[in-house]
Amino acid sequence: MYACTFCFDLEKEGAHIVTRKEVAELARVSEATVSRVFNGIGPMKEETKLRVLEAAKTLNYHPNAIAQSFARRRSGNLGVVLPYVPKVHLFSTYFFSEILSGIGSKVREKGYDLLLMLRTMEEESDYSDIFRSQKVDACIILGAGDTPRERDQLKRLQEAGHPFCLVNQHFPGERFNEVDADHEAGSYMAVRHLLQKGYRRIAFLNGSPQFSSSGDRRKGYERAMREAGIEPAGYPHWYYEGNYSRTSGYRAAARIYEHREEIDAVFSANDRMATGLMQGLREFGWEAGRDIAIIGCDNSDAARVTDPPLTSVGVPFYEMGSLAADRLLSLVLQEGEPFQLKLGTQLVVRQSCSKR
């Protein structure tokens, strides 16, 4: 597992470092009292605490992070585990960049540092190793897939009492801490929109089934179709599967174009596959919004600049990351409870699914 740390507070070279003794003198308390205030140790009169904090603010005092970590028996780091995929630039993808921005913003607000860890799916080490090394106080796991090995590791992490959280992934039957989006409702809205426009032969381009969002979006698609009196199982060219990459959407274009007489619209489980699909179909002379309707999911930056602009289901990834960091650090500080949260989605209509 590879790790790198992002620290948000750096001392300016040559600047005077205010000491705990100076804060104690200004607040008219002992140095031990100053230490207890910043380390959250023992009972404390609110008046005394406020006086110490005000003195620290006046003097621009920043407690020593290393000393604090020893006093609290904490590292001061929140870990984020990311999947390592060769030749894939994770930080350039909308999904990861938005979630990480949300996490980073909340971590900074809470006075923590962020430790990013890249992990390959084939790696023998498990998540518990992160905590055994005492590098982090808690971790957020991104890109977890529903495999027997992954589920087993998460169960062991939970049984050991280590605080962690999943973002954009849930495991049926388990009670892990998680922050997810209502992908089923978002998919349902997208397909209902196409049906209301008069499209009936709607295909679904999904991502890998190991991710819960794929299953949720499939449920939303099928529910909308069945409510319209269309049984997907009896429709031979309704389901296509990619891996959430633009390349997989591009490759799906040839298969979808081959059955163009049976397909008049496509709902794609993310924008990257949708933009690849639009590019591939354009090479066959088919234009989104003219010859076929296409809706994506995520409402990424790319959705606004495609030609034509892509209708997409907006997913609040930034808010999901921020909320995950907030709730997880509250657990670390013993100020919160276990959580399973689901945020709403919304359909953003653009020109890729024109009126009929």
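Predicted model: local features only at pLDDT ≥ 70, side-chain atom pairs only at ≥ 80, totals over all residues.
**Surface, cavity and a buried serine**

The chain puts about 18,000 Å² on show, with 49% of that supplied by carbon and sulfur atoms. Of the 356 residues, 50% count as buried. As for how the chain meets itself, take the contacts between residues at least 6 apart in sequence: 73% of these join residues at least 24 apart.

Next comes the empty space inside. Rolling a probe the size of a water molecule over the atoms shows where such space is left. The search turns up one cavity of 30 Å³ or more, and the largest cavity holds about 50 Å³ of space. Its lining is made up of 11 residues, and those nearest the centre are Val81, Pro83, Arg119, Tyr127 and Leu142. Strand β2 (residues 77-83) gives the largest share of this lining, namely three residues. Sorted by type, the lining of the largest cavity comes out as eight nonpolar residues, one polar and two charged.

Finally, a look at a single side chain position, Ser322, which sits in helix α13 (residues 317-332). Ser322 counts as buried because its relative accessibility is 16%, and the cut-off for buried is under 20%. Setting aside neighbours within four places in sequence, Ser322 makes contact with Gly102, Ile103 and Lys106.

How values were computed:
Residues numbered from 1 in each chain as written. Heavy atoms only, no water. Buried < 20%, exposed > 50% of the residue type's maximum accessible area, 1.4 Å probe, protein only. Contact = heavy atoms within 4.5 Å. Areas by Shrake-Rupley, 256 points an atom, 1.4 Å probe, with all protein chains shown as cover. 1 Å grid on protein atoms, 1.4 Å probe; cavity = no way out; pocket = protein on both sides within 12 Å on 5 of 7 lines; lining within 4 Å. Points joined across faces, edges and corners; volume = space filled by probe spheres on them. Helix = DSSP H or I, 4+ residues; strand = E, 2+ residues; numbered from the N terminus. Nonpolar A, V, L, I, M, F, W, Y, C, P; charged D, E, K, R; others polar.
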